Amino acid sequence: MSAAQRTLVTGGAGFIGSHVVDLLLAEAHDVLVVDDLSAGSEANVSDRAAFTRLDIRDAVALAALAAEFAPTGVCHLAAQASVTASVRDPGHDLAVNVLGTLNVLEIARTSGAPVVFASTGGALYGDDAPLPTTESYAPEPLSPYGAAKLAGEAYVATWSRLHGLANVILRLGNVYGPRQDAHGEAGVVAIFSELLRGAKQPTVYGDGTQTRDYIYVADVAGAFVAALAAGKSGVFNVGTGVETDVLTLLAHLQDAADTAIEPALAPLRPGELRRSALDSSALTRALGWRPEFDVGRGLATTYRYYADA
Ligand SMILES: NC(=O)c1ccc[n+]([C@@H]2O[C@H](COP(=O)([O-])OP(=O)(O)OC[C@H]3O[C@@H](n4cnc5c(N)ncnc54)[C@H](O)[C@@H]3O)[C@@H](O)[C@H]2O)c1
């Protein structure tokens with residue numbers, strides 16, 4: 001990896017994007033973060049990265065910035081990332097997640113830079129998919145967020161074919177780790193960690209047997225950097241392949257917190273997926289990527305971050 005790599009990271013002030021930035025810096029990239037701070041925080045951005053506060057819906061400002069920075073690669077993570085917000089306001093979700101993505105693709109094309117796009121596994125595959133799900137399963141999104149990510153994917157892949165760029169789509173599992181917002185509606189690991197460290201009772205929806213593929217954020221950052229370095233286009237799941245149910249997840253965090261506090265139970269929220277796990281063997285075959293953190297180690301590390309905050 002040479003210092004000549006100039007990488008633009010959209011959403012780099014957010015949870016996952018800030019870890020991508022840290023890894024790119026460790027690999028000697030010059031990094032420019034673009035984020036409107038609607039959900040992220042400038043405090044997440046390393047002071048070794050350049051930062052510009054900008055809305056990716058502003059095509060003109062984005063193009064001017066890209067002309068100046070001349071990126072050799074783009075990691076595109078800026079998004080309206082909430083499923084429930086997308087149901088409340090699908091127009092806003094579409095404007096950021098589809099039109100914003102088109103703007104990012106256009107500045108990447110102008111610079112001749114490949115794009116690595118943050119898409120989703122859980123919100124695309126739906127409830128009927130065989131587990132662990134492979135990329136060949138036809139998406140059946142259940143929310144405007146999933147529909148917009150699918151549309152974004154179509155543009156990313158089309159720009160790859162039309163303009164000969166090695167664009168990559170990464171379909172992420174349930175990402176957890178340090179810097180995840182513990183005060184939103186999603187991010188169960190961050191929410192449980194915050195509650196347990198304050199000796200407060202967590203709430204489990206349904207019977208707690210619903211499963212997700214929880215993937216540690218440093219492993220996701222590794223997938224972004226590997227995808228950018230590989231110079232090949234493709235669509236890849238990024239997960240562990242392992243289903244973890246909510247009660248097991250809570251038990252890991254209780255162990256880390258050394259507490260046996262019992263959860264409150266509440267009815268399952270409407271539209272919640274029952275089970276999810278992603279087969280990431282295509283990414284292992286193509287790029288040699290595999291997760292380094294199993295869920296036990298990842299959850300213990302994450303709990304320590306919240307406990308020490
Ligand atoms: N967290 C997960 O489990 C998960 C799973 C699948 C996919 N993803 C995707 O990964 C990406 C990062 O998610 P995250 O969990 O870090 O969320 P996040 O909200 O922490 O990060 C998104 C960032 O994008 C920024 N942003 C939002 N709208 C913008 C706009 N119009 N212009 C510029 N910046 C804007 C926000 O301020 C924020 O910093 C998103 O694309 C999300 O859809 C996340």
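Predicted model: local features only at pLDDT ≥ 70, side-chain atom pairs only at ≥ 80, totals over all residues.
Residues are numbered from 1 along each chain as its sequence is written.

Let me begin with the domains, whose bounds come from an automatic or database domain assignment. Domain 1 takes in 6–175 + 214–241, and domain 2 takes in 177–211 + 243–276 + 296–308. Their centres, taken over C-alpha atoms, are separated by 26 Å. Between them, 15 residues of domain 1 are in contact with 15 residues of domain 2, where contact asks that the C-beta atoms of two residues, placed from the backbone, lie within 7 Å. On the domain 1 side, α1 (15–26), β10 (214–216) and α8 (217–230) each supply at least two residues; helices here are DSSP runs of H or I with at least four residues, and strands are runs of E with at least two, numbered from the N terminus.

Turning to helix α2, residues 59–69, we find Leu-62, Ala-66 and Phe-69 buried, a residue being buried if 20 or more other C-beta atoms lie within 10 Å of its own, exposed if 12 or fewer, and partly exposed in between, again with C-beta atoms placed from the backbone. Why do these residues lie on the same side of α2? They cover an arc of only 65° around the axis, the arc being that of the directions from the helix axis to the C-beta atoms. The buried residues of α2 pack against β1 (6–10), β2 (30–35) and α4 (90–111), whereas the face turned away carries the exposed residues Val-60, Ala-67 and Glu-68. Just after α2, Ala-70 takes a positive phi of about 50°.

Next comes Tyr-303, which lies in helix α11, residues 295–308. Tyr-303 is buried, with 21 other C-beta atoms within 10 Å, and, leaving aside its neighbours within four places in sequence, Tyr-303 is in contact with Ser-193, Leu-253, Ala-256 and Ala-257.

Finally, the ligand is surrounded by 27 residues, counted where the C-beta atom, placed from the backbone, lies within 6 Å of the molecule. The closest are Gly-11, Gly-14, Phe-15, Gly-40 and Ala-79. Which element gives the largest share of this shell? That is α1, with 3 residues.
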